[in-house]
Amino acid sequence: MGPGFGIVANSTQQHQRGKICSRAIVRCRETVCPAPTVVRPTTAVQVLRQNPIPAAAPPSLGVGVPLSDCECSNSGENIAGKKNLMLMEKLKSVIPAPLKQIISESNPDDLPFTCTSLLDFFNHLPLFHQMVRDLTDPEMGLCGKNKEAALEAKAKGNECFSKGDYPNALRFYSQALRVAPTDAEDVEKNLVGMLYVNRAAALHKMGLFLECLRDSSRALIISPSSAKAWFRRAKANASLGNNEDAIQDLNLSLNMETSLSGKRQIQSELRMVLDQSKQTSDTLEKPNDDNLDILGDEPLQIKLQSVPTPTKGRGMVSLTDIPRASLIHKEDPYAAIILKPCRETHCHFCFNELPADTVPCASCSIPLYCSLQCQAGGQDFGYHLKRCGFPENLSDDLQDHVRRVTSLSFSSNNDYIAEHRHECHGVHWPAVLPSDVVLAGRVIRKHIHQQGQCSADSNIHGILDLCHNYGQLSPERKLELHIYSIILSCCLEHVCQLKLPMSSVIASQIVILLSQIRVNSMAIVRMKFSDLKEPLEQERTCSVEQVRVGQAVYSVGSLFNHSCQPNVHAYFLSRTLYVRATEFVATGYQLELSYGPQVGQFTCKDRQQLLEDRYSFICQCSGCAHLNLSDLVLSAYRCNKPNCFGVVLDSCVCKYEKQKLNRYCCALTIPRTHKQTDMLNDDINKVAHRVFEQTCQNDQFEPGSCWSCGSYCDLQASQETIIKAETCVSRLQEAVASNEIPTNALLDALKSVGILRMHFHSYNKRIAEVEDNVAQAFCLVGELQAALDHCQASVEVLEKLYDPNHIVIGNELIKLISVQLSMGRDTASDNIDRLAAIFSRYYGSHAEIIFPHLHYLKERNLCTS
Ligand SMILES: C[S@@+](CC[C@H](N)C(=O)[O-])C[C@H]1O[C@@H](n2cnc3c(N)ncnc32)[C@H](O)[C@@H]1O
C-alpha cells in the first residue's frame, strides 16, 4: 500500500558530489547516511521546463512494483535478467491449460492443492530444474567478485589518472572496487585498500575533499599502516581546513613511510600545514566530532490503536485528539529493498542518493552503499573486513588518533538482521527476480533468523499478520505468484542452505506472503530537485518531484487504510517511515493516508480503477462515496449557456457521479464535511449550489446535459475541436523540450488555450496543465510577466481542485515563487510564507530536511520584508 508513488523521475540523477555536509566534519567516522539533500540552483526558466505538469503530480504514494519491473542495472545483471525472464515466460507457457485454470480460479483455501499440483508438475519438468540451476549456481553467477576484472579496471583507472582524466579514473576505480574480492592482494597489499587510496587521490584532484577523506579512512580501516593512505587523508583534511587532524595524519604517514624521498615529501607537506594552521587556527570553526543526527528527534505523543472498521478491515484511530501537523507514527521497516532502476543511483540500505565514493557489497557486485555503516546494515560487517597490520611504537596521542580513525563505532541493534547477506553469492536470483519477490525472501530470512529455523508447520503467511486480498487478484497474477513462490523457495533452499524444506505447504504460504507484500508494502520515495544554474547569490529556486527508490514492509504502518481525501501524510527519512496528521483529527476518528490517487488528481472512476488494478480493492473512502465538487469539475465540459457555471460530463464520469449522487441524496441531511465547505468559495460556490440544489432530479444528470440548467451540449463536436487544439499544445511541449520556441508555436498554443477554455469547464484540470506548459514556454523566451500570469492561472485551477493548503499547491507555488524571484517581485514573500506553512503541515519539523531550499527562501523572505 501506500505512500510513495508519485512521479517516477527520469534516470538522469545528477549527484551533488562533495557538497554534502559542508560543515567541517573532521574525523571521518562513517556518519548516519549523508542525508541532507543538497539543492542546486535553478533558473526560473529551468524550474518550469523541468517540471512540466505539476497539476498531475500526486503528492506521494503508491506501492506494488509490477512483476515486470526487472530491468537490471549493470551489464552482467542485464544478461541474467533477459535470459531468465525468457525462461520465466517459457515456464508459464508450458503449464498445462487445466492446471493453469485451477490456479487462476483458486482461493486461499485451494492453495495447498494448487501448489501441490504445480510443484508436482515442475518436479517432472527439466526446464524448471535448468532454470533453478541458472538462478542459484554460483558457478554461473554473473554478479560475483572477480580479481582479474578488478585489476583490469584498476589499471585503466591508473592510466586515466596519469593522463589527468580524473572523472574516468574515479569511474574505473569504483568499478574495480565493486568486483575486487576483499581478500585479494596486489603487489602484496590488500587490493581493496589500494583501490580506496587510489580513488581518494582522484577524488582529491576533483575537489571532492570529504569523499577523499572518507575513502582514505576506509583504506586505513583495512590497512592502518599504509603511509600513502595517511598522507591522502592528511591532504583531504588540510583541504577541508581540518589542520589539527591533518598534522596527526602526516605524523603517522611519516612514521610509516620507509623511503627517504617519501619522507621528504611528507615533511614538506607537514611544514605547509603547520604554517596554514598558524594563520587560520583562530578563525576556524571547532570541528564537530559527533555523528550528525540530521533527522532530529521529534517526540511521539499520540497513542494509536488498530480497530475493526465496517468496510475496510482493520484501521487506525487515535485515542486522543490530534492537532494538525502532529507526528503520529515513526517506524523502521521489517524489510526493505531498493528498486531496480535506482540500483546505481541510490544507497541500497538508506535509499539516499549515492555520493561519488560509493561503498560496494563485500561479497557480490550488486549493491552499492553510501557509507560503511549502510554497508553494515546491508550485510554482516565483520564478515568482510580483513585488516592488515596495526602500527606499533606510536606515541599515545598518535595511537588514539589511529584508533579513532580506524574504529567503526556503529550503534548495535539487536534486532538487526543482515538484509542482503543471504542473496549475496554472486548468483543470479536476486538480480533477476522482481523486487517484491526478493523482498519476500528478506522477510522469510529475517523470520528464520529470529526463529532459528523454518519447517513445514512454519507460519510464513503469519509473519507479517497483514491482509492479502489473494481472492481478488487477477488470474494472471495468481499464476505468477504460484510460480514465483516455488522459485523463491528453491532459491532460498539452494543458496543459503536455509532450513526451508521445499513443500507445497511452504509454497502456498509464500503465495500468501507475496500477496501481502503486494497489498501492504510501501514505496519509499525521495524528493528530486531541479538544477540551479544561476549564481547562488542571485537566485536559488527549484522545483520538486518524487522518485520511487525503494520498497519496504512496515508492520504497523501497513495498518493505515487508504482515503482519496487523506488526513495523514506519510514520508521517509532514510528508510524510516514518518506519518503526520495533515489536519486536526478528533479522538476515535479514522486516520487514513493515500495509497496514491487523490481527489483533485484523478476522477473518481480513474481512482477506483487504479486502486483495484494495483491493490485489488474497491475504494470505500468518503471521497469516492460522496458527491464531491472536485470530481465534478476535474474533467468536466463547459455549459453552452452564457453565465452558466454548470458542469457537463461525458458518459464514463457521469455514471460514477450519478451513483454517488444517489448516495449523496440519501445523506443530504448530514452536515457537509469541512472539506466540502472549504471548497464552497467564489464561483465554485455557484457550481456547488446548483448541483446541490437540484437534489434528486436525476434525469437532468445525463451525459452531455448541464447539471445546472439542463442545456444539452454536443460533446462529440467539442471533442473533435479539442483534439485539434491539443495538437498545438503538444507541438509547444516538444518545442519546450528542445529548448527552442518558434513564435508561431507559442501563438498557436495561446489560441489553443482559448479554444480549450471555450469547451472545458473553467476548473477542468487540463486547463491547469496547458497553462503550465504555456508558462514554461514564456519563461524560455524570457517573457517573465506572461510566464507569471499563466503560472498563476494554473495555480488558480489547482486551488479549486485541491484543498488550498494541499502539498500539490505547495509544489506548484515553488514554480510561481521562482518566477517572482527572477522578476524581483515582493509578492514572492507571501507565497514563501504560504509555502512554508504548507510544508510544515505535511513535514512538521522535517520540512527543511525534506526540502532544504525552504530555509533559503525563508531567509530571503526575512531580508526582503
Ligand atoms: C494496507 S492494508 C490496510 C489495513 C487493512 N485494512 C487490514 O485490515 O490489515 C490495505 C487493505 O485494507 C483495505 N482497505 C484500505 N483502504 C480501503 C478503502 N479506502 N476502501 C476499501 N478497503 C480498504 C483493503 O482491503 C486493502 O487491500
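Tutor: Let us begin with polar contacts. A polar contact is a pair of N or O atoms within 3.5 Å; within protein, one must be able to donate a hydrogen and the other to accept it, and residues adjacent in sequence count only if both atoms are side-chain atoms. In this structure, a backbone N or O atom of H562 lies 2.8 Å from a nitrogen atom of the ligand. The protein covers 94% of the 560 Å² of accessible area that the ligand has on its own, by the Shrake-Rupley method with a 1.4 Å probe, where for residues only the protein chains shown count as cover.

The model is a predicted one: local features need pLDDT of at least 70, and side-chain atom pairs count only at pLDDT 80 or more, while totals for chains, interfaces and linings use all residues. Residues are numbered from 1 along each chain as its sequence is written, and side-chain values use heavy atoms, with hydrogens and water left out.

Student: Which residues are closest to the ligand?

Tutor: A residue is near a molecule if one of its heavy atoms lies within 4 Å of it. Here 19 residues surround the ligand, and the closest are K312, R314, N469, N561 and H562. A backbone N or O atom of K312 is 2.6 Å from a ligand nitrogen atom, and a polar side-chain atom of N469 is 2.7 Å from a ligand oxygen atom.

Student: Which elements each supply at least two residues of the shell around the ligand?

Tutor: Helices (H or I, at least four residues) and strands (E, at least two) are DSSP runs, numbered from the N terminus. Helix 18 (504-520) and strand 11 each supply at least two shell residues.

Student: In what order do the strands of the open sheet lie?

Tutor: Strands of a sheet pair through backbone hydrogen bonds, either parallel or antiparallel. Two strands count as paired if DSSP finds at least two bridges between them. Four strands form an open sheet here, in the order 3-4-14-11, with mixed pairing. Strand 3 (304-308) and strand 11 (561-562) are the edge strands, each pairing on one side only. Strand 11 pairs with strand 14 (residues 590-593) in the parallel sense over two bridges, and H562 has L593 of strand 14 as its bridge partner.
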